[in-house]
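Please look through the sequence and the model below.

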Amino acid sequence: MANKKTQEKETSLLKVLYKFFTSFKLATVVFVLMTIVTLFGTLAQVEMGLFAAKEKYFHSVWIIDEIGNFPVFLPGGGLLMAFLFINMSLGAVVKVKKRWKGAGTLISHIGMLMLFGGAFVTWGLGTDGYMALYPGMKSDRVESYRKWQLEVMPLNDDASADEVWILPADELSSIRPRSPRSYTTDDLPFEIIVSDYSPNAIPTPITAPMAAGSAAREIDGFKLLPQQKAKEAAANIPGCYVEFKPKSGDSDNISAILSAYSFRFDPGESPMPFVFELEGQKFGALIAKKSWHIPFEVQLDEFIFDRHPGISMARNYESRVTRLETDKGAKPLEIKMNEPMRYEGYTFFQESFGPAGSQPGDRMYSQFAVANNPADQWPLWALVVTSIGLGVHFVIMLLDYMARSRKKRIQAAS
Amino acid sequence: MEFTLPTLTIGATTLALITTSCSDSGASGPNLVNRKLSENENSFRLVETSAERFRYQLTPSNPSGSEGSGTSNSANQIGLTYSTPDGWTKTPGSPMRDVNLSFGTNGEGECYVARLPGMGGGLLANVNRWRQQMGASPITQAEADALPVRPLFGQPAKFISVDGKFSGMGATEGKDDYRMLGLILASEAGAVFVKMTGPRKLVEANEKNFNIFTNSLDVGP
């Protein structure tokens, strides 16, 4: 008896949830809120920049904002999309009566759900980065636009290194002011204590007026001064304080300011690590762009750059590259403005060039945007399915209309 | 309960998708990750000082331009070339200044070039810092954006002109009836500041020289 009651209670709770999530009213409310969030997010891009606004308004669960001095709470774009996905799945696919007349709308809704699915997969699994090469250079690594990590490497006598120990970007960026964190590994003879990470900071000489009033710690004539985050997230130059604490306890801690200014801004440069010596071994420490391996190498053979006559503005630029794979050999290719190279799930777009201010005849590098998105083609297929659905719906409606007209004519005639 | 199975299936799928989407794909524990370096990325440049590591050029300027010549180009160790206008004299600068020049009978007029990595604090903060030195009220971002533009290194730089009581760095007393002219070029590649200060009439008489000097500034060989 008790079991029956519990079962009934569960059933009624599920019914309430089912009713709520399949409700047409929910869809309407979600659409209205989406419009408001889109408006807020679009306006915020002016002040915050594209990336920050996208994160705050469209990839979030909740939004806390202000209109004048009044706080405004809104559901974030991520939550709204999840609600709409559930609503559409249950309401337009599961609940809807399955009959031939509704086949077109059913297919269209499945297409729209595929679009949502693609957005979720891109959000969770997609990566984007860049690869910059001078002619003659090759690489199999893609660098992040926005994520920086801390790297420590034992240095050889010729200023090279064979391996690196990495404090991952998400861990590094989670370190807050006055909350140092310690990291260690059996392979290194010291502990690494990282503090006061700032996503955008300038190491400033203490002689500069802006450093005089700052309470930041001074190391080797410099203070790390946090700055406001840049509108474009890729323009932020992070920095932090580090201490290397010898495990042996025989020597003092070694302190340094690490700044992304020491990393390369040009593919021809070599990064400039903070160098220290411990137990007869030289080590380097650096804030470097997060990078990841791709399953093939790309070599830039030639960068073709045309300018408008008389001015330095680019008219056209394209790259002749060779794709190199151990087992498949070399394949020469061209990457142009609207003709990317797609291979193994990666898409190489001709993005930009450098260095800034290059003059005719200068050696220039080519930069490719490299995107890896498992759901790359989903929007296309989603649109195809939606279009087919709408087409089927129109045909069914047309046939229905014709059948009804015919019936009316027959009735009128009889 | 005919709807339970599809409901649960779709709900679970949705939750899984949301969880995947919301989780930070790059998140990791507080452990250091080891990886081998390939030959394309294993060389480093070892520099002696923090100043070099942070891309400050602290090497003192080498005045190769003949002072007061008005036409000769000055190339120096900081990688800049420029013309020294007639009546202007190269003077020792501070480590923060790449070029330091003075003019006027007693050298009371001053003009310098400074460079900082990155945005150097940004346009608005620097404009208002300069305005504060002249006793002028701060301006808004919109007003800073609307400042006139003049070329500097072939790029559009914001031009600032302020009259007032000048209190330079470390000054205990302000100097009345001064004028400040300045150019700020702030970009991701770095920030360049050219600033001229002096008694208003002297600066007025040297504005043409300021333009000659700023137009002549170039990246050296």
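The expected span of a helix is 1.5 Å times one less than its number of residues. Helices (H or I, at least four residues) and strands (E, at least two) are DSSP runs, numbered from the N terminus. This is a predicted model, in which local features need pLDDT of at least 70 and side-chain atom pairs count only at pLDDT 80 or more, while totals for chains, interfaces and linings use all residues. Residues are numbered from 1 along each chain as its sequence is written, and chains are lettered from A and ligands numbered from 1 in the order in which they are written.

Helix H8 (residues 378-413) of chain A has 36 residues, which should span 52 Å at 1.5 Å a residue; the end C-alpha atoms are 52 Å apart, in agreement. A residue is buried if 20 or more other C-beta atoms lie within 10 Å of its own, exposed if 12 or fewer, and partly exposed in between, with C-beta atoms placed from the backbone. Two of the 36 residues of H8(A) are buried, so the helix lies largely in the open.

Strand E5 (residues 163-167) of chain A has four of its five residues buried, so it is largely enclosed by the rest of the structure. Two strands pair if DSSP finds at least two bridges between them. E5(A) runs antiparallel to strand E4 (residues 138-154) of chain A, with three bridges, and Glu151(A) stands opposite Ile166(A). E5(A) is also joined to E1(B) by four bridges, again antiparallel; here Trp165(A) stands opposite Asn34(B).

A nonpolar core is a set of buried Ala, Val, Leu, Ile, Met, Phe, Trp, Tyr and Cys residues joined through C-beta atoms within 7 Å. The largest has 76 residues, and Val242(A), Leu258(A) and Ile184(B) have the most contacts inside it. Strand E9 (residues 175-187) of chain B gives the most to this core, seven residues. Two residues are in contact if their C-beta atoms, placed from the backbone, lie within 7 Å. Beyond four places in sequence, the contacts of Leu258(A) include Leu150(A), Val242(A) and Phe274(A). A second, separate core of 20 residues includes Ile63(A) and Ala382(A).

pLDDT is the predictor's confidence in each residue, from 0 to 100. Chain B averages 74, and 67% of its residues score at least 70. Within chain B, confidence is highest in strand E1 (residues 33-36), at a mean of 94, and lowest in strand E2 (residues 73-75), at 38. For the complex, the predictor gives an ipTM of 0.76 and a pTM of 0.64.
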